[in-house]
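User: I'd like to learn how to read charged side-chain pairs in a model. Could you walk me through it?

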Amino acid sequence: MSRVSADRVAREDVLRYLYEKGGSASMAEIGEELGSRETAEKAVMELEELGLVSVNRGGVGLTGEGYVEAEEVYQRHAEAERLLARLLSKEHAHPAAHYIEHAPLVTSELIELSLIHISEP
């Protein structure tokens, strides 16, 4: 199984956070969300190079392509949280979903099948 790089996790966390904030946030807010201004700046720079965000005067916003990518990350998180809420308490499901959303083998289809399976008597 392949490992997920810390850089990829940081980039996806930025995308998800921007999506949750309506598409834009300050660099300070992103740094606080990621727990490190340095990590946030590196992730934002990489996302900008990929054309997924634009940066102006300390503000970071999703581009059209970035919005599509961010929505996918957010949906993986929401679906993972929904599945985990069936297995764990709400307070544990949310943080656990932050890890699962980055797993390359976790797809919407896998989560949906898992929900169907645990819903059956």
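User: Is Arg16 buried or exposed?

Analyst: Arg16 counts as buried, at 2% relative accessibility. The general idea: buried is under 20% relative accessible area, exposed is over 50%, and partly exposed lies in between, using a 1.4 Å probe and protein chains only. Do keep in mind that this is a predicted model, where local features need pLDDT of at least 70, side-chain atom pairs count only at pLDDT 80 or more, and totals for chains, interfaces and linings use all residues. Residues are numbered from 1 along each chain as its sequence is written, and side-chain values use heavy atoms, leaving out hydrogens and water.

User: Which residue forms a salt bridge with Arg16?

Analyst: A salt bridge is a side-chain nitrogen of Lys or Arg within 4 Å of a carboxyl oxygen of Asp or Glu. Here Glu20 pairs with Arg16, their closest N and O atoms being 3.1 Å apart. Both sit in helix α1, four residues apart, about one turn of the helix; helices are DSSP runs of H or I with at least four residues, and they are numbered from the N terminus. Glu20 is partly exposed, at 40% relative accessibility.

User: Which residues are linked with Arg16 in a network?

Analyst: Salt bridges link Arg16 with Asp13, Glu20 and Glu33 in a network.

User: How many salt bridges does the structure hold?

Analyst: There are nine. Among them is Arg8 with Glu12, at 2.9 Å from N to O. Arg8 is partly exposed at 26% relative accessible area, whereas Glu12 is buried at 10%.

Terms used. Helix = DSSP H or I, 4+ residues; strand = E, 2+ residues; numbered from the N terminus.
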